Amino acid sequence: MVRQVALFFVALGATSSASAFSYSAGRSSMSRLELNVVTDPYSGEDAVETSEPVTGSIPIATLEKMIDAPLTVEKKLPRMSESIPFLKRPLALTGELAGDVGFDPIGFAKNRETLWEMREAEVKHGRLAMLGAAGWPISELLDRKIAEWLEIPSVLDAGDRVPTFLNGGMEKVSPKWWGFCLGLAGAIDLYSIQRARSAGLDSGYIPGDLQFDPLGMYPEDEEGKKRMQLAEIKHGRLGMIGILGFTVQEAISKVGVVDETPFFFFPITKTLDTAIQHFSK
């Protein structure tokens with residue numbers, strides 16, 4: 001991707017060499033030279049592609065030595081959204097956060113502060129959705145066995161569906177369990193809000209960072225951190241879509257997801273045997 005920078009050089013004379021210019025900070029008669037910073041497709045390194053009167057390209061490291069100063073290159077942001085090419089990119093979405101593809105058609109993120117708050121909410125909902133997307137089918141598989149072992153009633157209905165607002169059965173869940181879950185979620189949420197407000201936008205704080213990594217899976221290098229952040233936000237978004245799909249599917253079909261799609265949750269031999277018996281009738 002081409003990135004634009006502009007520097008002031010004094011043209012001391014052009015030769016056939018690509019480096020036929022020098023930089024002089026003390027000269028008063030300075031001309032404007034437009035530079036395009038491009039990425040070499042073979043080496044993967046950034047280089048400067050110059051306009052007239054200088055032609056050719058110069059590695060950025062060489063250019064920095066010639067001007068005796070570090071060269072700051074700013075990424076040129078696309079004008080259109082990467083996710084919806086026919087819409088303009090929202091100004092607050094600069095690609096700073098992992099998973100940012102310029103998708104905000106309703107315009108929730110008015111500025112950087114609002115964007116940070118929205119990302120906090122997205123990460124929280126994504127984490128809950130990932131837990132729910134795993135816990136939902138597991139509960140339909142194991143709830144009756146656990147309830148029988150504990151000698152308590154199962155919360156599943158006749159169709160092996162878990163309690164939801166659409167399925168009903170929410171009253172079957174123990175109030176003590178509700179209190180525990182809500183209390184734990186509230187405590188974690190208050191802690192995350194306190195961390196976000198005390199850190200500030202320019203402190204290096206990443207939305208959703210609770211400093212929780214008991215297994216030490218979070219990389220130490222910046223590239224690894226970005227890769228892990230991207231993986232989490234993608235899985236969280238898929239989890240939210242999955243939970244919505246579970247809810248709608250069970251409300252319409254009146255059958256639990258594990259029974260509706262048994263090949264995802266039961267051994268293939270059992271699934272094939274059930275299918276053969278069904279079609280042989």
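Modeller: The model is predicted. Searching the whole structure gives two cavities of 30 Å³ or more.

Colleague: What makes the space lined by E122, V123 and G126, among others, a cavity?

Modeller: A cavity is a set of points where a 1.4 Å probe fits but cannot get out, so that is the sense of the word here. The largest cavity holds about 40 Å³ of space. Its lining consists of E122, V123, G126, R127, M130, E232, I233, G236, R237 and M240.

Colleague: Why are two residues in the lining of the largest cavity classed as polar?

Modeller: The lining has four nonpolar, two polar and four charged residues. Gly counts as polar, so G126 and G236 of the lining go into that class. Glu and Arg count as charged, and therefore E122, R127, E232 and R237 are the charged ones.

Colleague: How much space lies in the second largest pocket?

Modeller: The second largest pocket has about 470 Å³. Its lining has 17 residues, and F103, D104, M118, E122 and R237 are the closest to its centre. By class, the lining of this pocket has ten nonpolar, two polar and five charged residues. Helix α2 (residues 112-150) contributes the most to this lining, namely four residues.

Colleague: How do you know that the span of helix α3 agrees with its number of residues?

Modeller: Helix α3 covers residues 175-199, which is 25 residues.

Colleague: Which residue follows α3, and what is its phi?

Modeller: G200 follows α3, and its phi is positive, near 85 degrees.

Colleague: How many helices and strands does the chain have, and what is their pattern?

Modeller: There are six helices and four strands. Along the sequence the pattern reads β-β-β-β-α-α-α-α-α-α.

Colleague: What share of the chain is called buried, and why that word?

Modeller: Of the 281 residues, 27% are buried. The word applies because each of them has under 20% relative accessible area.

Colleague: And the surface and the contacts?

Modeller: The accessible surface of the chain is about 19,600 Å², with 62% of that belonging to carbon and sulfur atoms. Among contacts with a separation of 6 or more, 46% join residues 24 or more positions apart.

Key
Residues are numbered from 1 along each chain as its sequence is written. This is a predicted model: local features need pLDDT of at least 70, side-chain atom pairs count only at pLDDT 80 or more; totals for chains, interfaces and linings use all residues. Side-chain values use heavy atoms; hydrogens and water are left out. Helices (H or I, at least four residues) and strands (E, at least two) are DSSP runs, numbered from the N terminus. The expected span of a helix is 1.5 Å times one less than its number of residues. Buried means under 20% relative accessible area, exposed over 50%, partly exposed in between (1.4 Å probe, protein chains only). Contact means heavy atoms within 4.5 Å. Accessible areas come from the Shrake-Rupley method with a 1.4 Å probe; for residues, only the protein chains shown count as cover. On a 1 Å grid over the protein atoms alone, a cavity is a set of points where a 1.4 Å probe fits but cannot get out, and a pocket is an open set with protein on both sides within 12 Å along at least five of seven lines; lining residues have an atom within 4 Å of a point. Grid points are joined across faces, edges and corners, and a volume is the space filled by probe spheres set on the points.
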